[in-house]
Amino acid sequence: MRLTDEERIMRDGAEGEAVAAAMDLLIRYGEALGAERLVDTRNVAGTMTQPSPAKAKLEREGGWARAYAVINLDCDREIEIPRMKVPTCQLQHGFSEDAAGLTAYPATSIELQGSAENYFSERGVNILATCTPYQVGNLPVRNEHVAWMESSAVVYANSVLGARTNCEGSASTGAAGLTGKIPYWGNHVPENRLATHVVRADVAVDNFQEWGMFGYFVGETVEEARPAVIGSLAQPDLADLKHFGAATATSGGVELFHMPGVTPEAPTIEAAFGGLHIPEPVAYGPRERQWVYDTLNAQGTSTDVDFVLLGCPHASLDQVARIAQLLEGRRLHADTELWVMTPRALRTMADRNGYTRIITQAGGHVLTDSCPAMSKAAPPGTRVFATDSAKQAHYLPAILGIEAWFGTLDECIDAAVTGRWRGGLRP
Ligand code: F3S
């Protein structure tokens, strides 16, 4: 790998042992990927504070410096961790105090995370604590090289914002925060960003549920490739796009899609392919749509719903407002729990606007920082849950061994209020 003088100096220890370890890690990582150089980044989204048994053990042995050295820098020496060199944020992590008592999530994990928040925020890590950093202050611009983790955030950054990132890990983001560098390969390279497939919607994709189902089909179809999507697509909003992207990254491993007119570098389908050959489209019609719906509902047997989960990826303020509107003056069924996941900063706004009060008065909870899939925790005794998120419907049955129903927001609120699943695919 070709290093600049600045990078060589960092590798050789002029900026301290932690920066040298970080450069060493990035060089090994880049060489394994065949990258010829590093690229500057001023935007890192990773995970430093997520509690785990391994992290707890390392923290007991040598504090957070030891945990960071081993987990985020792949370094076994005793080193001091300096302030992050470039703006760095914490993505979603475990549940915090606001979930205490609602689930069997351990109090020791909440405590450990609080201690990590103190340590890392003193070192310049912004504790956004969400899978949607772009909703709460971390909004990269077009062509900006960033180093992000979290598949739903990565696909949004690449495809909606036009930023450039691969799906990084806790080690590469840990090293990027201390150096402002990341290997230049994959989605950082313009020619690697061109579309490879076309998927055409022959049925209307015109609401939140339809965007999630279409995304699920696209991911299943192209796997880890780069689809261009065309056809009967209504104008999506932020919530539609985060649902669509998260679904493509769930059934497949999509990190970048091209939606002509929405994706900044794809004003047209021709631009998405860089003027190269455009392949025949794969069609998404009524049969494919039904297949997606049936797949996402394949784990649902009992119509008695114990738990309704909304906000995956973390809900926008508009989504929280809509939930409050639907719940105003109503009361949840005695045996059904409702959790709404949103970023902590948006929760503050939901509090100010009275949305949290309405949802709480109905018997629901507005929670932050995490989600049941991330923290592997749901209300005690949950056997059947309902959600409007294709990603949660896909993952949660496997993670928690529970049944799932996938439907619209209205159907989910109906389930929360009646305790029954009465959803079905609209014709
Ligand atoms: Fe976010 Fe959890 Fe969904 S981290 S994308 S709410 S699985």
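Me: Which backbone nitrogen does the side chain of S389 reach at 3.2 Å, and what makes that a polar contact?

Reply: The side chain of S389 reaches the backbone nitrogen of K391 at 3.2 Å. That counts as a polar contact because N or O atoms have to lie within 3.5 Å, one able to donate a hydrogen and the other to accept it, with sequence-adjacent residues counted only between side-chain atoms. The S389 side chain also gets to the backbone nitrogen of Q392, at 3.1 Å. Keep in mind that this is a predicted model: local features need pLDDT of at least 70 and side-chain atom pairs pLDDT 80 or more, while totals for chains, interfaces and linings use all residues. Residues are numbered from 1 along each chain as its sequence is written, and side-chain values use heavy atoms, with hydrogens and water left out.

Me: Where does S389 sit, and why is it called buried or exposed?

Reply: S389 is in the loop between β13 and α15 (390-400); helices (H or I, at least four residues) and strands (E, at least two) are DSSP runs, numbered from the N terminus. S389 has a relative accessible area of 1%, so it's buried (under 20%; exposed is over 50%, partly exposed in between, with a 1.4 Å probe and protein chains only).

Me: Which residues is S389 in contact with, if you skip its neighbours within four places in sequence?

Reply: Those are H243, C312 and F406, with contact meaning heavy atoms within 4.5 Å. F406 turns up again as the bridge partner, in β14, of T387.

Me: How do you know that β13 and β14 pair?

Reply: Strand β13 (residues 384-387) and β14 run parallel over 4 bridges, and pairing takes at least two DSSP bridges, so they qualify. β10 and β13 are parallel too, joined by 3 bridges, with V308 partnered by A386 in β13.

Me: What is the strand order of the sheet, and what makes β12 and β14 its edge strands?

Reply: The open sheet has 5 strands in the order β12-β11-β10-β13-β14, with parallel pairing. β12 (365-367) and β14 (403-406) are the edges, as each pairs on one side only. From one strand to the next, the twist averages 25°. At the β12 end, 3 bridges join β11 to β12, and W339 stands opposite H365.

Me: Which residues cover the two faces of β10, and how many residues of β11 are buried?

Reply: In β10, F307 and L309 are on one side and V308 and L310 on the other, all buried. Side chains in a regular strand alternate between the two faces of the sheet. In β11 (residues 337-341), 4 of 5 residues are buried, hence "mostly covered".

Me: Which domains does the chain have, and how many residues join the contact of domain 2 with domain 3?

Reply: The assignment gives domain 1 (5-190), domain 2 (195-295) and domain 3 (298-418); such bounds come from an automatic or database assignment. The centres of domain 2 and domain 3, over C-alpha atoms, are 26 Å apart. Their contact takes 16 residues from domain 2 and 15 residues from domain 3.

Technical notes:
Axes fitted to C-alpha atoms, helices over the stretch in contact; angles between N-to-C directions.
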